[in-house]
Structures are given as structure tokens and as C-alpha cells.
Amino acid sequence: MDSSKFDLIVIGSGPAGEKGAAQAAYFGKSVALIEKEPELGGAAANTGTLPSKTLRETALFLSGFRNRDLSGVNLSIKHQVTIRDFLVHEQHVTQEERVRILDNLSRHHVQLFRGTGSFVDAHTISIRSNDGSETRIQGDVVLIAVGSSPFRPPIYPFEDPRVWDSDTILQLQHMPKSMLVVGGGVIGCEYACMFAILGIEVTVVEQRGRAVGSLDAEIAASLQSQMESIGIRFLFNDSVESVHAGEEIDVQLKSGLALKPGAILVSSGRNGNTHDLGLDRVGVVVNERGVVNVNARYQTEAPHVYAAGDVIGSPALASTAMEQARVAMVNAFDLKYKSDMAVILPYGIYTIPECSMAGETEESLKKKGIDYVVGKATYDTNARGHIIGDDKGFLKLLFATEDMRLLGVHIIGEQATELVHVGLTALLLKQGADLFIQTCYNYPTLTELYKYATYDALGRRAAQKK
Ligand SMILES: Cc1cc2nc3c(=O)[nH]c(=O)nc-3n(C[C@H](O)[C@H](O)[C@H](O)COP(=O)(O)OP(=O)(O)OC[C@H]3O[C@@H](n4cnc5c(N)ncnc54)[C@H](O)[C@@H]3O)c2cc1C
Ligand SMILES: NC(=O)c1ccc[n+]([C@@H]2O[C@H](COP(=O)([O-])OP(=O)(O)OC[C@H]3O[C@@H](n4cnc5c(N)ncnc54)[C@H](O)[C@@H]3O)[C@@H](O)[C@H]2O)c1
């Protein structure tokens with residue numbers, strides 16, 4: 001067999017690349033995977049998902065935040081948090097994930113190439129390594145899984161060590177006293193919460209009228225108020241006009257407000273990593289944010305070239321990147337397996353508190369003209385909620401008024417990103433009130449909230465009918 005020819009070439013080793021490669025290899029295909037960075041795992045393992053979630057956990061631990069409302073317990077930050085305190089657990093978790101990925105690729109006999117991949121022609125990929133040497137390999141199918149990078153608006157002096165994006169923040173050298181977060185999206189709000197509970201004065205400037213625009217409005221309002229209660233200040237409908245980094249950082253906002261933050265985190269979106277891929281040589285088109293266009297099979301304009309993950313744009317999540325790549329490979333090799341993505345996807349926001357949702361929001365149901373009834377259950381009426389000291393969380397279910405089929409699930413509070421999967425499964429199975437009424441849940445658990453939110457919805461529906 002020609003050692004430079006493969007059934008599949010994958011470019012990128014993030015969640016999309018790893019899972020796409022493993023899927024095809026599992027079904028007997030010969031697979032090459034190219035990675036340009038010294039470490040495997042992309043943004044998910046190295047700069048994004050896992051590092052930020054691990055830092056969140058560390059911040060919760062160091063601040064004693066989770067124990068804030070336990071009766072009679074008074075834990076506040078016991079000592080000045082050092083950068084080592086803050087980063088050391090993240091470094092362990094990241095290292096373990098890199099080892100796991102390498103092990104997974106080896107078990108699947110995926111051949112790993114180190115260097116930057118780019119198209120020479122339709123089926124030939126050049127791999128240029130850091131020492132300048134070049135290798136060329138050929139593939140029947142190519143999966144573009146190159147991910148995305150932080151968008152860096154030119155007004156920010158990123159060469160200044162006090163000005164960060166979501167990649168460079170992992171190299172921070174000392175804790176600033178105050179921080180301006182630009183962009184109240186997911187990344188901005190997640191980092192704002194972590195730094196705020198560590199005692200840093202955080203201001204978030206967001207050009208729109210609310211933070212994390214994709215959330216149900218009631219959950220978003222509760223999140224905003226809980227973030228404000230940990231000291232975060234929001235400046236909505238505003239953005240940064242100019243930044244001057246001298247002895248102090250002088251920031252001028254469009255509204256005329258002047259700020260002097262100790263540091264800036266710019267989190268105003270990401271761009272696809274497509275600039276050096278030579279996509280024009282195969283007729284694959286990208287938009288102004290470097291995003292590749294694909295059809296429902298994750299196929300680009302070149303029929304043998306597939307793309308998955310951040311490089312194809314929204315929702316740009318590790319969770320969806322993995323699934324898209326698996327589905328893309330099933331379609332590419334006609335594997336008679338899972339050829340479509342799940343019709344409903346979950347979203348998890350690891351703010352403090354965390355939020356999660358699946359399915360419709362009240363706003364989307366109103367727009368579609370669908371009659372619905374809301375059912376709510378709050379953590380402060382739940383035994384487990386009392387035990388863990390979360391008295392602000394709540395579960396909100398949206399049912400079709402006609403037949404009480406579940407249409408949407410929304411949660412804010414501890415374990416929201418885990419709890420959502422009960423509702424997600426019900427949504428995918430087209431189930432509703434009956435399922436939550438019939439099921440016996442462990443006690444005491446937060447999952448029980450599903451039953452009480454359902455009772456609440458049934459009560460409201462009965463009241464509407466009177
Ligand atoms: C701060 C932050 C927090 C996040 N939190 C979450 C979360 O909680 N949950 C969630 O689901 N998602 C989260 N995400 C999003 C998630 O990290 C991404 O959606 C996911 O990593 C995308 O996977 P991917 O495989 O498409 O790309 P990536 O993970 O970016 O991997 C792409 C890989 O391709 C490599 N590459 C690029 N170009 C080339 C080339 N020419 N040749 C060879 N290799 C190349 C890169 O070096 C990289 O290793 C977060 C992101 C950030 C930034
Ligand atoms: N928990 C998770 O699932 C998770 C966590 C972090 C990141 N991510 C992924 O990473 C992606 C990128 O995250 P992000 O937060 O950088 O992008 P985003 O698109 O989610 O949010 C960017 C925010 O910045 C605002 N903005 C843009 N330009 C601005 C300006 N000049 N001034 C003020 N505000 C401005 C936008 O209105 C938006 O609200 C997300 O879309 C998501 O897919 C997911």
C-alpha cells in the first residue's frame with residue numbers, strides 16, 4: 001500500500017478532527033490527521049472549553065463561593081489568590097486531555113502528521129513543518145476541522161501584557177484589580193463571573209441590549225441580576241471607541257464614558273482558521289469571517305471535501321463539532337450509521353450560576369404562534385437546593401397547551417448543564433407532562449424539579465381553562 005495515500009485526511013485535531021478521524025477509522029478507513037500546533041486537542045483542550053471550565057471550578061473552590069449560603073458556614077477567600085493557585089489545576093486537566101486524545105488516535109491507528117496542512121490540488125495536501133520541510137499526502141476524502149481563533153479588532157493593543165483575548169488570558173502573570181470585558185457573549189460572561197468571584201472588579205461592555213443573547217429572556221434577566229449581585233457591572237448598548245495603554249489603560253466608550261481598567265479581555269467573537277488552507281485551489285468558498293459553507297451532509301462546494309466544527313460557524317461548540325464530524329464521515333463513506341445531527345441541541349453556559357437550555361424559548365414560541373403553558377420549580381423549594389445552598393436557581397418547562405408535549409427546557413442554577421439532559425431526552429422522544437408525572441426520581445435531587453415544574457404547568461393550564 002502507498003504510505004502517502006489515505007481514505008481520509010483530517011486537518012485539525014480539535015473535537016471535530018479527533019472524532020471525525022476516529023469515526024472513519026473505526027469503520028476500517030485509513031486515516032491521516034494533520035495538526036500544526038505542538039499540542040493536540042485544539043481550542044477545546046488547550047485554550048477554550050476545558051481550560052475555562054477548569055478555571056471556573058478553581059475559582060469556585062478558591063472563593064468558597066459554593067458554600068456561601070450554607071446555614072452557619074462563613075467562608076470567604078482565605079488568602080490572596082495567586083496565579084499559581086488559579087492556573088495549576090487547569091494545566092493538569094489540559095495535559096490529561098492531550099494524553100487521552102493521543103491515545104484515542106493511536107488506538108484507532110490514525111496516522112499523525114505534524115505541520116500546517118494546505119491544499120495543493122483537489123486530493124493532495126501539503127504538510128509544512130516548523131523546520132520548513134514539506135511532506136505531501138493524498139486523500140480520497142478531506143475533512144476540514146481547523147477551528148477558529150479569537151477575532152482581534154485593531155483598536156486593541158494586544159502587544160500590551162494587560163490586554164488579552166480568550167487564548168492569551170491563560171498566560172496571565174498577575175491578578176489585576178479591575179478588568180473590562182469587551183463583549184457580553186458566552187466567553188465574556190463566563191470569564192467575567194470567574195474573575196468577579198475572585199474579587200476582581202469586572203465591567204462588561206456589550207453593544208446589544210442584553211448579555212448572552214441566545215438565552216430565554218427570563219433566564220437572561222435572572223443571570224444578569226445574579227452576575228450583578230457578585231459585583232459585575234454591565235454597560236449595554238455601548239462599545240469601545242479607543243484604547244490607550246500607557247502607565248494606565250485609558251478606555252473611551254462610544255457613550256462618552258471613560259474607564260481605567262487594570263486589564264482588558266476582548267471576547268467579541270471568533271474567525272475561522274481558513275486563511276492559509278489554499279481553499280481557492282479546490283473551489284471552497286469562505287465568508288468574511290473565514291467560515292466555510294456546507295450542506296446538510298457537511299459537504300463543501302468540492303464534493304469530496306467535508307467540514308465540521310467552528311470552521312462552519314454557529315453554533316460553534318465542542319459538543320456540536322464532535323457530532324458534526326461523525327455525521328460528516330458517515331455521509332462521506334456511506335457508513336449506514338448516524339447520517340443526521342440530532343434535531344434538538346443542548347446549550348450550556350458556564351457562568352456563575354450556570355445556565356442551560358434545549359428547544360424553544362417563550363420568545364420563539366410567540367413568534368411561531370404556538371400556544372404554550374409555562375411550568376416552573378425553584379431550587380429554594382427543593383431539598384437538594386437547600387442542601388447545596390442555591391436559593392436562586394429555577395427550572396422552567398414550556399409545554400404545548402393542547403397536549404402537554406414538552407417544547408422547551410430552561411434552567412439556571414447549580415448543575416443546570418447536567419439537568420438539561422432529562423428535558424432534552426424528553427424533547428427528542430416527543431414526550432411531555434406524562435413522563436415527568438409517571439417517573440419516580442431519586443430524593444433528594446434537583447431532577448425532582450421536573451415533576452414540580454410539571455405540576456405547576458398543569459395547574460396553570462387548568463386555571464386557564466376555567
Ligand atoms: C473560552 C472558550 C470556552 C468555550 N467553552 C465551551 C463549552 O463550555 N462548551 C462547548 O461545547 N464549547 C465551548 N467552546 C467552543 C469549543 O472550544 C469549540 O467549539 C471547539 O473547540 C471547536 O472544535 P473544532 O474541532 O472545530 O476546532 P478547534 O478546537 O479550534 O481545533 C482546530 C485545530 O486545528 C488546528 N489547525 C488549524 N489550522 C490548521 C492547519 N492549516 N493545519 C493543521 N492544523 C490546523 C488547530 O491548531 C487546532 O488544533 C469554548 C471556546 C472558547 C474559546
Ligand atoms: N459554554 C459554551 O458553550 C461556550 C463558552 C464559550 C465560548 N463558546 C463558543 O465560542 C464562541 C465565541 O464566543 P464569544 O463570546 O467570543 O462570541 P459571541 O458571539 O458569543 O459573543 C460576542 C459578543 O460580543 C458582542 N460584541 C461584538 N463586538 C462588540 C464590540 N465592539 N463592543 C461590545 N460588544 C461587542 C456581541 O454583541 C456578542 O454579544 C461562542 O459563539 C460559542 O460558540 C461556547
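Residues are numbered from 1 along each chain as the sequence is written, with chains lettered from A and ligands numbered from 1 in written order. Since this is a prediction, local features need pLDDT of at least 70 and side-chain atom pairs count only at pLDDT 80 or more, while totals for chains, interfaces and linings use all residues; side-chain values use heavy atoms, leaving out hydrogens and water. The average pLDDT (the predictor's confidence in each residue, from 0 to 100) is 95 for the chain, and 97% of the residues score at least 70. The model comes with ipTM 0.96 and pTM 0.95.

Helix α3 spans residues 49-63 and holds Thr58; helices (H or I, at least four residues) and strands (E, at least two) are DSSP runs, numbered from the N terminus. Leaving aside neighbours within four places in sequence, Thr58 is in contact (heavy atoms within 4.5 Å) with Asp85, Phe86 and His89.

Turning to the strands, β12-β13-β14 is the order in an open, antiparallel sheet of three strands, where pairing takes at least two DSSP bridges between two strands. β12 (240-245) and β14 (258-259) are the edges, each with a single partner strand, so one side of each lacks a neighbour in the sheet. Five bridges link β12 to β13 (residues 249-253), and Val240 sits opposite Leu253 in β13.
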